[in-house]
Amino acid sequence: MTNETAQYLKAITFCTSWLTDQASDDKWALSDEEVCQLLGGIPLSSWHEWKEMAKGKQQFELNQDVIDRLVLLLKIHESIAMSAPSGAIFDFFKRPISHPTFEGKSAKESLLLDNSMDNLNKIMLFFRSRIF
């Protein structure tokens with residue numbers, strides 16, 4: 001295994017662990033089914049398997065669509081963290097937003113209603129625009 005491949009596999013394990021933690025009730029409050037939806041409609045059994053492998057620090061591969069979705073979710077989190085008032089990072093994901101992008105829904109609701117890559121990207125760009 002090349003060093004590049006090893007780093008890639010470690011990143012997948014990290015991202016999966018991050019999303020498992022991020023989905024908790026005190027953060028984004030996502031059920032396993034909702035996580036599967038955000039990851040493109042993957043089977044629940046796959047998510048459970050990936051969580052267990054990540055928990056055990058095992059390395060595994062994911063298809064490019066799932067990787068792209070994980071990256072966008074990380075960017076959404078990063079953008080919210082950089083633009084939200086102190087202590088409100090997780091609230092910003094769950095509260096309704098008065099902007100045409102969201103139509104009065106929260107980022108969470110918007111993503112679950114439309115889990116397309118276009119919508120993930122649109123929401124990431126919205127929060128990113130609030131940083132500067």
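This is a predicted model: local features need pLDDT of at least 70, side-chain atom pairs count only at pLDDT 80 or more; totals for chains, interfaces and linings use all residues.
What kind of group does Ile-76 belong to? Ile-76 is among the residues with the most contacts inside the largest nonpolar core, along with Leu-39, Trp-50, Leu-73 and Phe-127. That core has 39 residues. Two or more of its residues come from each of these elements: helix H1 (3–22), helix H2 (32–38), helix H3 (44–55), helix H4 (64–83), helix H5 (89–94), helix H6 (107–113) and helix H7 (117–129). Which helix gives the most? That is H4, with 7 residues.

Now step back to the whole chain. The protein has 7 helices and 0 strands, and reading along the sequence gives the pattern α-α-α-α-α-α-α. Along its principal axes, the C-alpha trace spans about 45 × 30 × 25 Å. How does the radius of gyration fit with a compact globule? For 132 residues, such a globule would have a value near 14 Å, and the protein has 15 Å, which agrees.

The contacts tell you how the chain comes back to itself. Among contacts with a separation of 6 or more, 63% are between residues 24 or more positions apart.

Is Leu-111 buried or exposed? Its relative accessible area is 0%, so Leu-111 counts as buried. Apart from neighbours within four places in sequence, Leu-111 is in contact with Leu-38, Leu-73, Ile-76, Phe-93, Asn-119, Leu-120 and Ile-123.

Next, move to the loop between H5 and H6, where you will find Thr-101. Thr-101 has a relative accessible area of 18%, and residues under 20% count as buried, so this residue is buried too. Beyond its neighbours within four places in sequence, Thr-101 is in contact with Lys-122, Ile-123 and Phe-126.

The loop between H5 and H6 also holds Glu-103. With 64% relative accessibility, Glu-103 counts as exposed. Its backbone has something to notice as well: phi is near 55 degrees, a positive value in a residue other than glycine.

Where else can you see a positive phi? Look at Lys-57, which is not a glycine but has a positive phi of about 60 degrees. Lys-57 sits in the loop between H3 and H4. Its relative accessible area is 67%, so Lys-57 is exposed.

Of its 132 residues, 42% count as buried. The accessible surface comes to about 7300 Å², and carbon and sulfur atoms make up 52% of that surface.

Terms used
Residues are numbered from 1 along each chain as its sequence is written. Side-chain values use heavy atoms; hydrogens and water are left out. Helices (H or I, at least four residues) and strands (E, at least two) are DSSP runs, numbered from the N terminus. The radius of gyration is taken over C-alpha atoms; the globule rule is 2.2 Å times the number of residues to the power 0.38. Buried means under 20% relative accessible area, exposed over 50%, partly exposed in between (1.4 Å probe, protein chains only). Contact means heavy atoms within 4.5 Å. Accessible areas come from the Shrake-Rupley method with a 1.4 Å probe; for residues, only the protein chains shown count as cover. A nonpolar core is a set of buried Ala, Val, Leu, Ile, Met, Phe, Trp, Tyr and Cys residues joined through side-chain atoms within 4.5 Å.
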